[in-house]
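Subject: Structure for you to look at

Hello,

Here is the structure I promised. Please open it and keep it beside this email as you read.

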Amino acid sequence: MSNPYFQFKQFTVWHDKCAMKVGTDGVLLGAWASVHGARRILDVGTGTGLVALMLAQRSDAPVVAVEIDEDAVCQARENAERSPWAERITVVQADFNTYSPAGKYDVVVSNPPYFSDSLRCPDHRRTHARHTGSLTYDGLFRGVSSLLSDDGAFTLVIPVEMADNVIGIAHSCRLSPIRRLNVCTKPGGDIRRVLLTFRWGEHLCEVEELLTEVERHRYSDAYIALTRAYYLSM
């Protein structure tokens, strides 16, 4: 049986009630997304609350974490309440397609469902968490474009094969990428994940690359530097 929690340096994430467990995608997003000057932060599809907790650790801003799954909402609330930033994290159960809060956010992040064309797994909760059946990329960007402040930034992590499609959808909402991180897991390997930050208008995009492991179970210096504030072993 897998460990029911994941221990970080300043907080613990319990994930035994959630379909999706703590994983590298979320850690990358939480560590890489900029929170410089953040006033209000929104985490779309928070799951366990991992990314919300990571962003709360390195900012002073209030964080709203939206999640549709009831069990995940309960777990994210428990994780937030046990953290040092309980007073700044609010977990909201809502369908992001109809989410309509008061005010806008200057930092929005999401580790969205992405297996839109793959086979559905038998566990409906895991399917709900991983597939774009309930929240499509179009729906995600429509929602973000209605909630993002004029000087705000939206960051997400996606499979590399979805990058061109997502950038096209963003452009249709008048958003364009300003930062891109191409992630591969082994030397000489293919890019597996892409992290993108979008802002309003047209921009030149700064492109970076990150190798996570130099060999199995040995992290690269760059990955260690990115995640050192969080992982116990770094």
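His-15 counts as buried because its relative accessibility is 7%. Buried means under 20% relative accessible area, exposed means over 50%, and partly exposed is in between (1.4 Å probe, protein chains only). This is a predicted model, so local features need pLDDT of at least 70, side-chain atom pairs count only at pLDDT 80 or more, and totals for chains, interfaces and linings use all residues. Residues are numbered from 1 along each chain as its sequence is written, and side-chain values use heavy atoms, with hydrogens and water left out.

Back to His-15. It sits in the loop between strand 2 (12-14) and helix 1 (24-32). Helices (H or I, at least four residues) and strands (E, at least two) are DSSP runs, numbered from the N terminus. What does His-15 touch, leaving aside neighbours within four places in sequence? It is in contact with Asn-3, Pro-4, Tyr-5, Lys-21, Val-22, Thr-48 and Gln-75. Contact means heavy atoms within 4.5 Å. A polar atom of the His-15 side chain also lies 3.0 Å from the backbone nitrogen of Val-22.

Now Gln-7. It belongs to strand 1 (residues 5-7). Gln-7 counts as partly exposed, at 34% relative accessibility. Not counting residues up to four places away in sequence, Gln-7 touches Thr-12 and Leu-232. The side chains of Gln-7 and Thr-12 are joined by a polar contact of 2.6 Å. A polar contact is a pair of N or O atoms within 3.5 Å; within protein, one must be able to donate a hydrogen and the other to accept it, and residues adjacent in sequence count only if both atoms are side-chain atoms. The Gln-7 side chain also reaches the backbone oxygen of Phe-11, at 3.4 Å.

Look at Leu-232 again. Gln-7 and Leu-232 are 225 residues apart along the chain, yet their C-alpha atoms are separated by 7.3 Å. Ser-233 and Phe-8 are also 225 residues apart, with C-alpha atoms separated by 9.0 Å. Ser-233 lies in the segment after helix 7 (221-227). Ser-233 is exposed, with a relative accessible area of 65%.

Next, the helices. How many of the nine residues of helix 1 are buried? Eight are, so helix 1 is largely enclosed by the rest of the structure. Among them are Val-27, Leu-28, Leu-29 and Trp-32. Helix 2 (residues 50-57) is mostly covered, with eight of its eight residues buried. They include Leu-50, Met-54 and Gln-57.

Helix pairs come next. Two packed helices are described by the angle between their axes and the distance between the axes. Helix 5 (residues 137-147) and helix 6 (residues 163-172) pack at about 35 degrees, with axes 10 Å apart. Axes are lines fitted to C-alpha atoms, for helices over the stretch in contact, and angles run from 0 to 180 degrees between N-to-C directions. Helix 5 brings Tyr-137, Asp-138 and Phe-141 to the contact. Helix 6 brings Asn-165, Val-166, Ile-169 and Ala-170.

Two loop residues deserve a look. Arg-174 is not a glycine, yet it has a positive phi of about 70 degrees. Arg-174 is in the loop between helix 6 and strand 8 (175-184). At 58% relative accessibility, Arg-174 counts as exposed. His-217 is not a glycine either, and it has a positive phi of about 70 degrees. The loop between strand 11 (213-215) and strand 12 (218-219) holds His-217. At 64% relative accessibility, His-217 counts as exposed.

Last, the cysteines. How many disulfides does a search of the whole structure find? It finds zero. A disulfide is a pair of cysteine sulfur atoms within 2.5 Å. Cys-184 is in no disulfide, and the nearest cysteine sulfur, that of Cys-205, is 17 Å away. Cys-184 is buried, with a relative accessible area of 15%. Cys-205 is partly exposed, with a relative accessible area of 30%.

Best wishes
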